[in-house]
Amino acid sequence: MKRSLLKKPRWLRASLWRCAKILELGIGGYFMGNEKIYQMDFAKVYHLLVNKAEKKGRTRQEVDQVIRWLTGYSQPELEGLLEKPVPYGEFFRNAPELNENRRLIKGVVCGVRVEEIEEPLMQEIRYLDKLVDELARGKAMDKILRK
């Protein structure tokens, strides 16, 4: 590990490492083309999002609630999508009803401002990542769901 990174506080090192892992997996879109991200299996990404939340003491049900709020899927529909291979891009393209309040989501995910992303599908993916980040940081569900 670089000496300059060791001087940073532990929480910042962990955050930088997590962002690097996300980018390495291709979720961030820097090392993979967007089409490769859109072809990733939704179930694989779902489990990464759940693990992120559970490590911080949140639950799978809360992650499901956030996903349902953003996409309009019902719980049975969401569970059905996890049982069969569904590309991540198709998960968002076929969403029953994207929440109109999603445009209120602002902030940075791994150095990228979600409100400034030009490609609509990538922006939807980043919205979900931002919501799960807020959940993992302990933000109240009412604030996460922009109530």
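**View A. Glu 124 and its salt bridge to Arg 102.** In this predicted model, Glu 124 has a relative accessibility of 6% and therefore counts as buried, the cut-off for that class being under 20%. Its partner is Arg 102, and the two side chains meet in a salt bridge with an N to O distance of 3.0 Å. Because Glu 124 belongs to helix H8 while Arg 102 sits in the loop between helix H7 (88–93) and strand S1 (108–109), the pair ties together parts that are 22 residues apart in sequence. Arg 102 likewise falls into the buried class, because its relative accessibility is 11%.

**View B. The packing of helix H4 against helix H8.** Helix H4 spans residues 42–55 and helix H8 spans residues 120–136, and their axes come within 8 Å of each other, crossing at roughly 20°. Because angles under 35 degrees are classed in this way, H4 is described as roughly parallel to H8. The handedness of this H4 and H8 crossing is right-handed. On the H4 side the contact is made by Leu 49, Lys 52 and Ala 53, which meet Leu 128, Asp 129, Val 132, Asp 133, Leu 135 and Ala 136 of H8.

**View C. The salt bridge between Asp 133 and Lys 52.** Asp 133 and Lys 52 form a salt bridge in which the closest N and O atoms are 2.9 Å apart. Since Asp 133 lies in helix H8 and Lys 52 in helix H4, this pair ties together parts that are 81 residues apart in sequence. Both of these residues, Asp 133 and Lys 52, are buried.

**View D. The salt bridge between Lys 139 and Glu 134.** Here Lys 139 is paired with Glu 134 in a salt bridge whose closest N and O atoms are 3.7 Å apart, within the 4 Å cut-off. The two partners fall into separate accessibility classes: Lys 139 counts as partly exposed because its relative accessibility is 30%, whereas Glu 134, at 6%, counts as buried.

View E. For the model as a whole, the count of salt bridges comes to 8.

How values were computed: Residues numbered from 1 in each chain as written. Predicted model: local features only at pLDDT ≥ 70, side-chain atom pairs only at ≥ 80, totals over all residues. Heavy atoms only, no water. Axes fitted to C-alpha atoms, helices over the stretch in contact; angles between N-to-C directions. Helix = DSSP H or I, 4+ residues; strand = E, 2+ residues; numbered from the N terminus. Parallel < 35°, antiparallel > 145°, perpendicular 65-115°, else oblique. Left-handed = near helix turned anticlockwise from the far one by under 90°. Contact = heavy atoms within 4.5 Å. Buried < 20%, exposed > 50% of the residue type's maximum accessible area, 1.4 Å probe, protein only.
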